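Look at the structure below with a strand pair in mind.

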Amino acid sequence: MTVETRERPGEFELIARHFAPIAGPGGLGLVDDAGLLRPARGYEIVVTADAVVAGVHFFPDDPPGSIARKALAVNLSDLAAKGARPEGFVLALALPKGWTESWLAAFAAGLKQAADEAGCPLIGGDTVSTPGPLTLSITAFGSVPAGRMVLRSGAKPGDVLAVSGTIGDGALGLKVHGPAAPSWAAGLSEGHRAALADRYLHPQPRLRLAAGLQAHASAAMDVSDGLVGDLAKLLKASGAGAEVDLDAVPLSEAARAAIMADPALAELAWTGGDDYEILCTASPGEYPALVAAAAAAGIALTTIGVVTGAAGVVQYREKGRARGFAAGSFAHF
């Protein structure tokens, strides 16, 4: 971001100019101290929060609209995994030195696009300055019928283990999109490089799968930190284990091309994160209905294994052989 020479507006003028126009009714025009949600009778509120920081979750020079879309999408992905319908969100935005109003306008436009697509309006938040990097924190609210939120802890031995969409695109896209593209990226077509970068920049939360999960899944979570590591979290919460066929893990054409260029990238695809797909389990009796619900929503659901009773034990197989991982996912600490 570059400094604009003209005098910048104050906080309340910024809010009125860029954020009030995209707020929903629950935002009360963003002139009050809080927003308002009215869940329907018999529904409960699901709450999730994620922070994203320049240099950690995105590159500081990424397009501002893309940063905004990703910040909201990662929260919407959590709501989708819980079987929740989005109701609204609040944004805390810490702007670094050198921000410009044109940057903020583009950011607000991207935020509006993501909010409109998801039916999840802005209802409040805060805007501050920081001597550090650009930081955004979004808290999103969703609703589910009382007692119907899909937990991580519901997987049972014998349940089918499945994932939506394709795995690995986000982690590979980070490499392709970064300032120093790896040598293997040169062997990819322009279309494959663009597809991977887009998956990293613009996660697609699987909100259309939420109703199917709510009706048929026994457990679910989104894949944000890597399939291997996130599966471990789900199984720990459920007190279960799993057998996983790595050859069954769905890959996009672009990811397959990258792995053909460098076979070692398969491990990055399984552990790298930033996919924001849904990892879920369902009983054998419910699984066909879950697959049908996913298909009706235009989302592929792929079986990758089975839940076992061996708590904490995950047996991975690749090409018929046992496979282990030194590190299963991205970790902040």
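## A parallel pair

A94 has V128 as its bridge partner in β3. The strands β2 and β3 run parallel, joined by 7 bridges. Two strands count as paired if DSSP finds at least two bridges between them. Strands are DSSP runs of E with at least two residues, helices are runs of H or I with at least four, and both are numbered from the N terminus.

This is a predicted model: local features need pLDDT of at least 70, side-chain atom pairs count only at pLDDT 80 or more, and totals for chains, interfaces and linings use all residues. Residues are numbered from 1 along each chain as its sequence is written, and side-chain values use heavy atoms, without hydrogens and water.

## Antiparallel neighbours

Strand β2 (residues 85-95) also pairs with β4, in the antiparallel sense, over 9 bridges. Here P86 stands opposite G142.

Strand β1 (residues 43-53) runs antiparallel to β4 (residues 135-145), with 11 bridges. E44 has V144 as its bridge partner in β4.

## The sheet and its helix

Together they form an open sheet of 4 strands with mixed pairing, in the order β1-β4-β2-β3. β1 and β3 (122-129) are the edge strands, and each pairs on one side only.

Helix α3 (residues 101-118) packs on the sheet and touches β2 and β4. Contact means heavy atoms within 4.5 Å.

## The whole protein

The protein has 10 helices and 11 strands. Of its 333 residues, 49% count as buried, meaning under 20% relative accessible area with a 1.4 Å probe, protein chains only.

Note on methods: Buried means under 20% relative accessible area, exposed over 50%, partly exposed in between (1.4 Å probe, protein chains only). Axes are lines fitted to C-alpha atoms, for helices over the stretch in contact, and angles run from 0 to 180 degrees between N-to-C directions.
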